[in-house]
Amino acid sequence: MAEAASTPRRWTQRSVAPWLFLAPGLLMFGVYVLWPIVQSVTLSFYDWDGLYNKDGEFMGRFVGMGNYQELVTDPAFTVSLWNNLKWLVLYMLALPIGLFIAIFLNQTVTGIRLYKSLFFFPFVISQVVVGLIFAWFYAPNFGLFYLLTENIFGQGTAILADPDLVTYGIIAAGLWPQIAYVMILYLTGLNNVAPDQIEAARLDGAKGWRMLWYVVLPQLRPATFIAVIVTVIGALRSFDLVSIMTNGGPFGSSRVLSYYMFEMALGEYGFRMGYGAAIAVVLFLIMMVFISGFIWKMWRDERER
């Protein structure tokens, strides 16, 4: 009887214990992630300058969907949204480039650790430093890129001063450390590739692209999943490079949603917290659409296996 009575208690302890371990993390996640999201969505329905009255009361004016209706007709928002789509598409180049660099570095030859360190270096330096390096690289009259284009074409190209090219120049700067990050993820994944499957595929005559597509890449699904997630997030939160390199210029042509949100909420345009929150909600929804779509695809592929 005592043993029978202790069995439900043991199962209760086993079911409760994981939640006790998860509770601190879930609490932090709820307070610092979920609650700010709810606050931002709520604030996006108000016109608020960020100030309270002397009694500490909220001074916002409810405008419903007014902020979102204004976004539709805001040309600066359209430019920022279009630039973010450019970031999303071109940032995905980090995945194949990072993969091929990882395959190149996944060798046991003399000096490979030095090469790995050189490729890893961009990831460990600050985004601010990356922005300053590329700002000097693109600088008119003395920047290396400007001098190279001047020697090749007879006239230098000042990328950061050209409204048509500035976004691509900043994306190139962002890709430098992002490729290094993706490379690290794939290097970790390649260390876990089953050697017996590689040998079996070689015995069956697989090599080159066939080996990569049918044998290596399926085993790199976890690394690919993380790489896609961090790349999408990196493309959509591209605030620091834009701020350091151009401040959204020239003429607002390099703005992205995160930078435009900062300008409207805290910048020179006048502390429009509600409007900035509406931009943040749009940015969050775009991020969720891309990430949720990829998670659904991974889940569907796993079910079909």
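In what follows, Ala, Val, Leu, Ile, Met, Phe, Trp, Tyr, Cys and Pro count as nonpolar, Asp, Glu, Lys and Arg as charged, and the others, Gly among them, as polar. The model is predicted, with local features requiring pLDDT of at least 70 and side-chain atom pairs counting only at pLDDT 80 or more, while totals for chains, interfaces and linings use all residues. Residues are numbered from 1 along each chain as its sequence is written, and side-chain values use heavy atoms, with hydrogens and water left out.

The largest pocket holds about 530 Å³ of space; a pocket is here an open set of points on a 1 Å grid over the protein atoms alone, where a 1.4 Å probe fits, with protein on both sides within 12 Å along at least five of seven lines, and lining residues have an atom within 4 Å of a point. Grid points are joined across faces, edges and corners, and the volume is the space filled by probe spheres set on the points. The lining comprises 18 residues, of which Tyr-186, Trp-213, Leu-217, Pro-218 and Thr-224 are the closest to the centre of the pocket. Two or more lining residues are given by each of helix 4 (94-105), helix 10 (209-219), helix 11 (221-236) and helix 14 (273-304), helices being DSSP runs (H or I, at least four residues) numbered from the N terminus. Helix 10 provides the largest share, six residues. By class, the lining contains 14 nonpolar, one polar and three charged residues.

Helix 8 (residues 166-190) and helix 11 have axes that come within 9 Å and cross at roughly 165°, where axes are lines fitted to C-alpha atoms, for helices over the stretch in contact, and angles run from 0 to 180 degrees between N-to-C directions. The two helices are therefore roughly antiparallel, a term applied to angles over 145 degrees. Their crossing is right-handed, that is, the near helix is turned clockwise from the far one by less than a right angle. Gln-178, Tyr-181, Val-182, Leu-185, Tyr-186 and Gly-189 of helix 8 form the contact with Ala-223, Thr-224, Ile-226, Ala-227, Val-230 and Thr-231 of helix 11, contact meaning heavy atoms within 4.5 Å. This contact has eight nonpolar, four polar and no charged residues.

Helix 9 (residues 195-203) packs against helix 10 at an angle of about 165°, with the axes 11 Å apart, which makes helix 9 roughly antiparallel to helix 10. The crossing of helix 9 and helix 10 is right-handed, and the contact joins Gln-197, Ile-198, Ala-201 and Arg-202 of helix 9 to Met-211, Val-215, Val-216 and Gln-219 of helix 10. Five nonpolar, two polar and one charged residue make up this contact.

For helix 3 (residues 75-91) and helix 13, the packing angle is about 150° and the axes lie 8 Å apart, and these helices are therefore also roughly antiparallel to each other. Ala-76, Phe-77, Ser-80, Leu-81 and Asn-84 in helix 3 meet Leu-257, Ser-258 and Tyr-260 in helix 13, a contact with five nonpolar, three polar and no charged residues.

Most residues other than glycine have a negative phi, and most peptide bonds are trans. In the loop between helix 12 (239-245) and helix 13 (257-266) is Pro-250, which is joined to Gly-249 by a cis peptide bond with omega of about -5°. Asn-247, placed in the loop between helix 12 and helix 13, has a positive phi near 55°. Phe-251 is likewise placed in that loop, and its phi, near 60°, is also positive.

Notes:
Parallel < 35°, antiparallel > 145°, perpendicular 65-115°, else oblique.
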